[in-house]
Amino acid sequence: MSIFRAVRSANPNPYVVLGVQWDWAYDRTNNPDYINVYTQADVIQPWSVGAYDDVASYEQKYRDNFVPDKLLADRLGMGYAPSILAGSSSRNRDRGTVFGDRYNGTFYEAQLKHQLDMKPFFVFGSMFDEFPESTQVIATLTASEVPRNPNPGFFGIDDGMDHNYYLQLAGRYAVRYHQLF
């Protein structure tokens, strides 16, 4: 809390976006001191990387967590800014050969669509250029074009896709986002 007091006493008063774990609303009943800190921010940004890894698990998290979380943020007078990811891989964490899947863009697009349905303050794309974890949206080679390299590794997008597919998809949804307001 002392950090927030120091930040809030700055001149000019900064706008605060607070990144928290994806299940932050759990703290409302189980760690109420955290909620007191969270509400000092202007926007709450749950970090959902690792919380789901395919369309079905995402849609469950959307129903069970993200929609109620957005309603809670609204009640607390805070903006809500979810994070989304184009794909994922636990290869670095697990030090093995676990490869991620992007499901030919349907995973990313499901997240974009559902998050925009909630009218968030903004949507954070995790991450623009994090190749080893397969979350990148930057122009990328396809999986068959990428030479295998065990360390640190580099994941391509699904074969048969345009190298700029994820940037183009994000651009289409950015236009939709601007139309919400």
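Colleague: Before we start, what should I know about the numbers?

Modeller: This is a predicted model, where local features need pLDDT of at least 70, side-chain atom pairs count only at pLDDT 80 or more, and totals for chains, interfaces and linings use all residues. Residues are numbered from 1 along each chain as its sequence is written, and side-chain values use heavy atoms, with hydrogens and water left out.

Colleague: In what order do the three strands of the open sheet run?

Modeller: Strands of a sheet pair through backbone hydrogen bonds, either parallel or antiparallel. Strands here are DSSP runs (E, at least two residues; helices are H or I, at least four), numbered from the N terminus, and two of them pair if DSSP finds at least two bridges between them. In this case the order is E1-E2-E3, with parallel pairing. E1 (17-21) and E3 (79-80) are the edge strands, each pairing on one side only. E1 and E2 (residues 43-47) share five bridges, and Leu18 stands opposite Ile44 in E2.

Colleague: Is Gln45 buried or exposed?

Modeller: Buried means under 20% relative accessible area, exposed over 50%, and partly exposed in between (1.4 Å probe, protein chains only). Gln45, in strand E2, is buried at 13%. Contact means heavy atoms within 4.5 Å; leaving out residues up to four places away in sequence, Gln45 touches several residues, including Leu18, Ala81 and Phe122.

Colleague: And which residues does Ala73 touch?

Modeller: Ala73 sits in helix H4 (residues 55-75) and is buried, with a relative accessible area of 0%. Not counting residues up to four places away in sequence, Ala73 touches Trp24, Ile44, Met78, Gly79 and Tyr80.
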